[in-house]
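Here is a short briefing on one structure. Look it over first, then read the points below.

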Amino acid sequence: MTPPSQIIKHATIAGVQVPAMAIGTWSWGDKTWGYTSEMLPDIKEAFKTSVKEGLTFYDTAEVYGNGESEKIIGGLIKESTQEDKDKLYIATKFLPFPRPGSLYLMNPPIVDRLRASLKRLDLPSVDLYQIHSSSGLGSFESLAKGLAECLKLGLCKNVGVSNFSQDELIRFSDILAKHNVKLASNQIEFNLLRQGPEKNGLLAEMKKRDIACLAYSPLAMGRLTGKYNASNPIPSGRRFSNQYTWEQIAPLIEYMQTLSEKYTVSISAIALNWVISKGAIPLGGARNAKQAGENAKALTFSLTSEEVKELSAKGFEGKTNWFWQRG
């Protein structure tokens with residue numbers, strides 16, 4: 001058996017070192033995940049535990065809870081020590097659709113919306129500002145111009161995209177280059193139940209262009225945690241990675257359980273480590289200290305090449321069945 005490769009602790013985005021895993025914060029403030037204000041104390045503990053474990057990369061979006069996720073993160077940052085603040089890497093996203101009370105057709109208000117996000121985050125700038133979807137109002141040219149202006153104004157340090165296909169990625173990257181701006185990242189759904197981005201050439205193109213892959217839903221919205229099954233199904237409304245039955249994914253979960261026992265980690269950590277082994281940065285969600293601690297263990301071991309191959313074989317390519325899934 002091939003010995004485990006070196007444990008991966010860090011990754012890079014546009015030359016900046018970041019933790020090999022980020023914390024996705026869609027569930028912080030969003031009713032899709034059943035959020036209520038009573039959950040805030042647990043979220044605070046999840047944040048404290050994550051930072052303590054060296055997980056200082058947080059990804060949010062203006063649309064998560066209609067800005068509530070950004071407000072929560074802003075509050076958490078405010079309560080942090082200066083030492084911890086200096087370590088944080090914060091990313092948020094612009095959704096290219098009109099928000100309540102606004103309407104645009106040709107010139108998306110990217111600068112204004114970033115300023116609104118920064119107000120909620122209580123920050124002068126973010127480390128990464130991303131276009132949330134390739135489907136929306138405004139041409140690629142206008143979106144690129146807006147991102148370039150955000151950089152020029154010092155409102156963000158790097159720019160990225162989310163849910164862009166390979167062709168869209170190439171086109172948008174080339175348009176940004178005309179503004180002397182490097183595309184830093186593409187955030188896509190990538191996990192053991194959706195390996196399409198690796199099989200269709202998207203990951204290879206991103207690696208070729210030195211564009212970081214941020215993998216959202218690395219736990220398939222809970223399906224790869226071992227917590228749910230046919231008799232205890234996923235709560236309704238979690239649409240990502242929902243194309244396979246529990247009977248179909250049972251062999252994968254069983255093998256993940258075997259590996260979790262071998263490495264003395266959770267099944268979630270196995271799923272996250274697989275993503276890391278593919279050169280991507282998983283955005284693992286955590287709504288309490290226990291989940292945060294379990295996820296952090298994904299950076300304490302490394303799957304062997306045979307284990308990675310076997311997991312991939314038991315997983316699925318996934319299907320693109322709605323407009324978010326462009327990759």
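How many disulfides does the structure hold? The structure holds 0 disulfides, a disulfide being a pair of cysteine sulfur atoms within 2.5 Å. This is a predicted model, in which local features need pLDDT of at least 70 and side-chain atom pairs count only at pLDDT 80 or more, while totals for chains, interfaces and linings use all residues. Residues are numbered from 1 along each chain as its sequence is written, and side-chain values use heavy atoms, with hydrogens and water left out.

**Cysteines**

- A disulfide is a covalent bond between the sulfur atoms of two cysteines.
- Cys150 is in no disulfide, and the nearest cysteine sulfur, that of Cys156, is 5.2 Å away.
- Cys150 is buried, with a relative accessible area of 0% (buried means under 20% relative accessible area, exposed over 50%, and partly exposed in between, with a 1.4 Å probe and protein chains only).
- Cys213 is also buried, at a relative accessible area of 7%.

**The chain as a whole**

- The secondary structure comes to 12 helices and 10 strands; helices (H or I, at least four residues) and strands (E, at least two) are DSSP runs, numbered from the N terminus.
- The chain has 327 residues, of which 55% count as buried.
- Its accessible surface comes to about 14,400 Å², and 52% of that belongs to carbon and sulfur atoms; such areas come from the Shrake-Rupley method with a 1.4 Å probe, and for residues only the protein chains shown count as cover.
- Of the contacts in the chain with a separation of 6 or more, 78% are between residues 24 or more positions apart; contact means heavy atoms within 4.5 Å.

- Ser260 is found in helix 9, which covers residues 246-263.
- Ser260 is buried, with a relative accessible area of 6%.
- Leaving aside neighbours within four places in sequence, Ser260 is in contact with Val265, Ser266, Ile267 and Ile270.
- Helix 10 (residues 267-277) has 10 of its 11 residues buried, so it is largely enclosed by the rest of the structure.
- Among the buried residues of helix 10 are Ile267, Ile270 and Trp274.
- The buried residues of helix 10 pack against strand 9 (212-216), helix 9, strand 10 (281-285), helix 11 (289-296) and helix 12 (305-314).
- Gly279 follows helix 10 and has a positive phi, near 85°.

**Salt bridges**

- The structure holds 14 salt bridges, each a side-chain nitrogen of Lys or Arg within 4 Å of a carboxyl oxygen of Asp or Glu.
- Lys44 is partly exposed at 27% relative accessible area, whereas Glu79 counts as exposed at 54%.
- Lys48 forms a salt bridge with Glu45, the closest N and O atoms being 3.6 Å apart.
- Lys48 and Glu45 are 3 residues apart in helix 1, which means that about one helical turn separates them.
- Lys314 and Glu310 form a salt bridge at 3.4 Å, N to O, and both lie in helix 12, 4 residues apart.
- Asp174, Glu205 and Arg209 are linked in a network of salt bridges.
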